[in-house]
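Dear colleague,

Please find below the structure that I am handing over to you, together with its sequence.

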Amino acid sequence: MIDWNVTYAAIWRQRKEYLRPVRHIDPIQLEDLLGIDGKKQLLVDNTERFLAGKPANNALLWGARGTGKSSLIKALLNAYKTAGLRLIEVDKQDLVYLPEIVDDIRELPQRFIIYCDDLSFESGDSHYKSLKSVLEGSVELPPDNVLVYATSNRRHLLPELMKDNLDSHLVDREVHYSDTVEEKTSLSDRFGLALGFYPQTPPAYLAIVDSLFPEVADAARASLHKAALDFAHQRASKSGRIAKQFYNAFVGTVFA
């Protein structure tokens, strides 16, 4: 049994069917995340309402890879764990256990975020049904001390196929979607807060690089930036993740 007074995060382990306490939490802080200030503030505001016992939304952070979606959720835990925030990470394939996990925490005084990373479903995958019941409840209301924060590369978590739209039709100039389309979009609609993350612009990417190399002299910034952009071009992406990988590869290098 987890003592949530001293445990801030746990991960569901399917094989043993138990929550494993996390002893070494990723130390990332909100101030470490650059270039996403607007989205950061929206999720902070939502989380603070949740901690205050006010109405708050489940959140879907979707968009380009490496843009800070998962890091933002982990940073929220570090910012608010002393205020009673707790995090439970559940993989997509383990969502069938979600109702049981929630049953064990719904009466506790702490406020829990169920964290699902890289969430999406393929055609025929029924794991999402357990998630839907937690998001909006069934005959029992969802607990007021639990929210779901998920990250995904997709805005719509279930794939939309052209054939699914064939049964959609117009009635009085309004689109009436087919039952299949309604089923697939209804899951994403259950996340009241949807935040889109896009690839960083070159200036934003370089600002992250600069924050990682504060010791580099101003006269050497041009050299640093050229190396960082070359590194990003090789990976066809500019993001916080790429900036961190550049740091890992070039920390200690003398730029001139």
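Strand S2 (residues 18–21) is joined to strand S1 by four bridges, and the two run antiparallel. Within this pair, alanine 10 is placed opposite proline 21 of S2. The two strands form a hairpin with four residues between them, and glutamate 17 in the turn has a positive phi of about 55°. Here strands are DSSP runs of E with at least two residues and helices are DSSP runs of H or I with at least four, numbered from the N terminus; two strands pair if DSSP finds at least two bridges between them.

Please note that this is a predicted model, in which local features need pLDDT of at least 70 and side-chain atom pairs count only at pLDDT 80 or more, while totals for chains, interfaces and linings use all residues. Residues are numbered from 1 along each chain as its sequence is written, and side-chain values use heavy atoms, with hydrogens and water left out.

S1 also runs parallel to strand S4 (residues 85–89), to which three bridges join it; isoleucine 11 stands opposite glutamate 89 of S4. Four of the five residues of S1 (residues 9–13) are buried, so the strand is largely enclosed by the rest of the structure. Buried means under 20% relative accessible area, with a 1.4 Å probe and protein chains only.

These strands belong to an open sheet of seven strands with mixed pairing, in the order S2-S1-S4-S5-S6-S3-S9. S2 and strand S9 (193–197) are the edge strands, each pairing on one side only. On average, neighbouring strands of the sheet are turned by 25° against each other, direction ignored. Helix H1 (residues 37–51) packs on the sheet, where it touches S3, S4, S5, S6 and S9, and its direction makes about 155° with that of S9. Helix H3 (residues 98–105) also packs on the sheet, touching S1, S2, S4, S5 and S6, and its direction makes about 165° with that of S5. Axes are lines fitted to C-alpha atoms, for helices over the stretch in contact (heavy atoms within 4.5 Å), and angles run from 0 to 180 degrees between N-to-C directions.

Serine 152 lies in strand S6 (residues 146–152) and is buried, with a relative accessible area of 1%. A polar atom of its side chain lies 2.5 Å from the backbone oxygen of leucine 119.

For the chain as a whole, there are eight helices and nine strands, and buried residues make up 46% of the 256 residues.

With kind regards

Key. Buried < 20%, exposed > 50% of the residue type's maximum accessible area, 1.4 Å probe, protein only. Polar contact = N/O pair within 3.5 Å; in protein donor to acceptor, adjacent residues only side chain to side chain.
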